Amino acid sequence: MEGLVAIATGMTDVTVDPAALTRVEMRHAVLQAALSHGAVYGANTGVGANRHETAGNPSEHALRLLRSHCAGVGPVEDDVTARAAMTVRLNQILAGGSGISRRIAEALAEALHQGAVPTLHPWGAIGTADLSALAELGLTLAGERPWRHGTGPVITIDATDALPMISSSALTVATAALALTSVQSQLRASIVVAALSFLALRGNPEAYDPAVHEARAHPQQARVAATLATLVAGCGPAVRIQDPFGLRVVPQVTAPAVHAARELSGVLTAELNAAVENPLVTDGGVLHHGQFHTATLATALDAMRSAFLPVLSLSSARLGLLMRPDLTGLRAFLASGPPGSSGLMISEYVVQDLLTQIRVGMQPTAAGTLSISLGLEEHASFATQGARALRTMTSLAPMMLAAELVAAVRALRMAPGRLPAGLAHEAFTLADKALAADEDDRPLGTSLEKAAALLPLLADL
């Protein structure tokens, strides 16, 4: 997925294996041959409940199909997401199962190379293919819709190209992949921030002892505990025999999210490289199927969101601990001004607002049901909605972690003797330099925004 992100962000150019283009060309010939022997879904027939109707003029049928499936409504996807979707679709086409014309693959590669970005409206996908958005991409390649940025190629789209162009969940996969990249970074940063809070609260490192986690070896738990142990190594004596859960169960709560991220990464890697088109064109002929159904992706996205939420709620718990003078030995809310100063009090309200926004959207998307297209399509995965929900989580999570980071840094500034040498000191120094030293009561927005911007740096320590 690193390659996908690099292409989508313009960090690297796209390259196409000539052998893959040859495979695309060969499978297109198979599809053309199949047309002469009978009905091929979407190529010489209608689609959905119109599957039994014979299509009219091939070239007109192609554009009618794209136009009719282009809802063109909803928010516009950002440039990185749009380029990621183009990259995913190109890679899937190069797997050779679509039967699409070689010129489509070459045009997509050229558009990415030129930095052209289409306007993509996401609404109209339910986890069985991003029909509407990819129809919009198809019409852009056909010259009927303008490129949003840059100048891309304009090509002819035939009847054998239209359905293969849209029969993919490329935008859903792209959205999920970009969100997962954010999750992975935020998880790494959350461990570093938790360590700073641990030091500020004079926690008990026994909770991270290897023997504890070898006794119940869940996936990733020992690794998270070892990272925390390294970060807090050299800390002063614990002031409690048992810490609050916010400190004590960080490995247990973070490990399922790390595990879910690995599982989702595996699913997305498979989706990125899959030939998922319906029908599937093989060397032996054309096969009609239901492989476009993204149930596995939907389930993995639900699992990721379910596992990530406790990490964020535990961060909010640690923020609450840092506000308490009985636990920090410092002033309430880490206030530093005259009596009655509120310090970081409002940051808890911000965090609980964001956490509630996330909770509102936590229903498993795979639990949805439907019946559409005259009842022919009576099930969907709703992976698309799961991908969007994960993206929303990753857009809100940085500010939550930032609130904890600001509080931990302020506490350690007030009690610098609690900070040992090592990796945690490096993390503290990074944040200390970026955050304003004036800790009298004032608006917190600038500090929170700067702290959120630091998270990728902390993740890479």
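An axis, as used for the helices in these legends, is a line fitted to C-alpha atoms over the stretch in contact, and an angle runs from 0 to 180 degrees between N-to-C directions. The structure shown is a predicted model.

**Figure 1. Packing of helix H2 against helix H5.** Two packed helices are described by the angle between their axes and the distance between the axes. Here, helix H2, made of residues 18-35, and helix H5, made of residues 102-114, pack at an angle of about 145°. Their axes are 8 Å apart. On the side of H2, the residues that meet H5 are Leu21, Thr22, Val24 and Glu25. Their partners in H5 are Arg102, Ala105 and Glu106. By class, the residues of this contact comprise 3 nonpolar, 1 polar and 3 charged.

**Figure 2. Overview of the protein chain.** The chain contains 18 helices and 4 strands. Along the principal axes, its C-alpha atoms fill a box of roughly 80 × 45 × 40 Å. The chain has 461 residues, of which 52% count as buried. Among contacts with a separation of 6 or more, 80% involve residues 24 or more positions apart.

**Figure 3. The second largest pocket.** The volume of this pocket is about 440 Å³. Its lining consists of 18 residues, and those nearest the centre are Gln184, Arg188, Ile191, Arg223 and Val258. Four helices each supply at least two residues of the lining: H8 (170-200), H10 (221-232), H12 (250-272) and H18 (445-459). Helix H8 makes the largest contribution, with 5 residues. Sorted by class, the lining holds 11 nonpolar, 4 polar and 3 charged residues.

**Figure 4. The second largest cavity.** Rolling a probe the size of a water molecule over the atoms shows where empty space is left. A search of the whole structure finds 4 cavities of 30 Å³ or more. The second largest cavity has a volume of about 60 Å³. Its lining is formed by Val406, Val409, Arg410, Arg413, Leu435, Ala436, Glu439, Arg442 and Ser447. Helix H16, spanning residues 383-414, gives the most to this lining, with 4 residues. In terms of class, the lining of this cavity divides into 4 nonpolar, 1 polar and 4 charged residues.

**Figure 5. Surroundings of serine 132.** Serine 132 belongs to helix H6, which covers residues 131-141. With a relative accessible area of 3%, serine 132 is buried, because buried means under 20%. Leaving aside residues up to four places away in sequence, serine 132 touches His69, Cys70, Ala71, Gly72, Trp123 and Gly124.

**Figure 6. Two residues with positive phi.** Most residues other than glycine have a negative phi, and most peptide bonds are trans. Alanine 129 is not a glycine, yet has a positive phi of about 155°. This alanine is found in the loop between strand E1 (117-118) and helix H6. Alanine 129 is buried, and its relative accessible area is 6%. Phenylalanine 333 also has a positive phi, near 60°, in a residue other than glycine. The loop that holds phenylalanine 333 runs between helix H14 (325-328) and helix H15 (345-360). Phenylalanine 333 is partly exposed, at a relative accessible area of 25%.

Figure 7. Proline 443 has its place in the loop between helix H17 (423-434) and helix H18. The relative accessible area of proline 443 is 72%, so this residue counts as exposed, a term for values over 50%. The C-alpha atom of proline 443 is separated by 57 Å from that of proline 18, and the two residues are 425 residues apart along the chain. Glycine 422 lies in the loop between helices H16 and H17. At 45% relative accessibility, glycine 422 is partly exposed. Glycine 422 and glycine 234 are 188 residues apart along the chain, while their C-alpha atoms are separated by 8.3 Å.

Conventions. Residues numbered from 1 in each chain as written. Predicted model: local features only at pLDDT ≥ 70, side-chain atom pairs only at ≥ 80, totals over all residues. Heavy atoms only, no water. 1 Å grid on protein atoms, 1.4 Å probe; cavity = no way out; pocket = protein on both sides within 12 Å on 5 of 7 lines; lining within 4 Å. Points joined across faces, edges and corners; volume = space filled by probe spheres on them. Nonpolar A, V, L, I, M, F, W, Y, C, P; charged D, E, K, R; others polar. Contact = heavy atoms within 4.5 Å. Buried < 20%, exposed > 50% of the residue type's maximum accessible area, 1.4 Å probe, protein only.
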